[in-house]
Protein chains: 2
Amino acid sequence: MQDTKDKIVGLADQLIKTKGFNSFSYKDISDPLAIKNAAIHYHFPNKADLGMAVLEQEFNILNTGIANWEALPEDHQLRHLIGSFANKCSSHMACIMGSLSPDYNTLPSNMQERLREFSAAVIKWVTQCLHNGREKGIFSFKGAPEDRALMIVSNLLASLLLSRVMGESAFEKISKQLLDDIL
Amino acid sequence: MQDTKDKIVGLADQLIKTKGFNSFSYKDISDPLAIKNAAIHYHFPNKADLGMAVLEQEFNILNTGIANWEALPEDHQLRHLIGSFANKCSSHMACIMGSLSPDYNTLPSNMQERLREFSAAVIKWVTQCLHNGREKGIFSFKGAPEDRALMIVSNLLASLLLSRVMGESAFEKISKQLLDDIL
DNA sequence: TTGTTTACTTACTAGTAAGTAAGTATATTT
DNA sequence: AAATATACTTACTTACTAGTAAGTAAACAA
């Protein structure tokens, strides 16, 4: 069944975002799914394989989002992105970048590379969005779109982490300001 | 000797910032210091005690910084803060907030509380700095100083994490923009 | 000089981590 | 109907984790 495999990846994704890659164990997955840890190893020989599967899934979700919002005005696209972060915030999760980057030095090199590619893809998309939006007169900001994109992504990433410590209002205040600054 | 105790805290601080709280072990400390793991337990009965000692040290460093820069113009104060983050960046470290917040859910409650207090202290200080700086005409920005402070802290925190993945230029671009936006 | 405190080491425990080898039931193919 | 592949379980190993109990050498105090 593909079902179990998908459930393992889904749970691993959640666990990475709530506890971090090094802080979750196979037991955290096998217990709720009522399977044995060897079943996880059957689908994913080692933890790095599981981590890679999670990153692939995140990449798919990102690409689906981008494709779905492509035709929308740029401010709507950005609001969708912020909305997806808001959902993570309310379920007390970080994003995959915010969850894996603190552990970056301890990650296997294939996960490091894939995380770098993922981050680059997010930044590239926001850059394009800001660039097009400014040309259409939807956005107004000074400086290069890429620099501004870097700042927006970094802010969204960190606001989820800060919200955990300081409460959800931190996310709301930061995300509101991000939009106010360019609209 | 206070020496060994201080060295343990110093190394633990570094390890938290490079690997994360749950990803470093007593061996990572005992080996380089050429002591036994029981020596660490002698000074810090459990890992939470060690974590608390690291947070206390971070608090002291913060308070020393604040006290030293108090008399300076507000833009200089902010530059000092950014400078201290730049140092962390070049030694491939995150700040204590960026390092501990992803593990927040797994931390003992006294560490959670202390981290919350630490974050609040940083934000409070930046808020005060922005407030005073704007009144003196050094800074210019719209919105509440507290919201802007939240954004600056969140950006600094995240830029260290992003720099790990994307390279140090991420930090430089973000920190430059932070200042440009309010000067 | 004796007793006590400090700062450890030695030697260990119990628990948990990822990972593996071999067996099994079910479904699919030939 | 037999052979094979799939998706596991059972049972285990090795390595490492935080943590502890008991012992020791040196410094200090009475």
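No disulfide (a pair of cysteine sulfur atoms within 2.5 Å) was found in a search of the whole structure, over all chains, which is a predicted model. A:C95 is in no disulfide, the nearest cysteine sulfur being that of A:C89, 11 Å away. A:C95 counts as buried at 3% relative accessibility, where buried means under 20% relative accessible area with a 1.4 Å probe and protein chains only. For B:C129, the closest cysteine sulfur is in B:C95, at 17 Å, too far for a bond; B:C129 is likewise buried, at 3% relative accessibility.

In this model, local features need pLDDT of at least 70 and side-chain atom pairs count only at pLDDT 80 or more, whereas totals for chains, interfaces and linings use all residues. Residues are numbered from 1 along each chain as its sequence is written, chains are lettered from A in the order in which they are written, and side-chain values use heavy atoms, without hydrogens and water.

Six aromatic pairs are present over all chains (rings of Phe, Tyr and the six-membered ring of Trp, centres within 6.5 Å; planes under 30 degrees apart are stacked, over 60 edge-to-face, the rest tilted). Among them, A:F59 and A:F118 are edge-to-face, at 5.6 Å centre to centre and 90° between the planes. A:F59 is buried at 12% relative accessibility, and A:F118 at 5%. In chain B, B:F59 and B:F118 form an edge-to-face pair at 5.5 Å and 90°; both residues are buried.

Conventions. Buried < 20%, exposed > 50% of the residue type's maximum accessible area, 1.4 Å probe, protein only.
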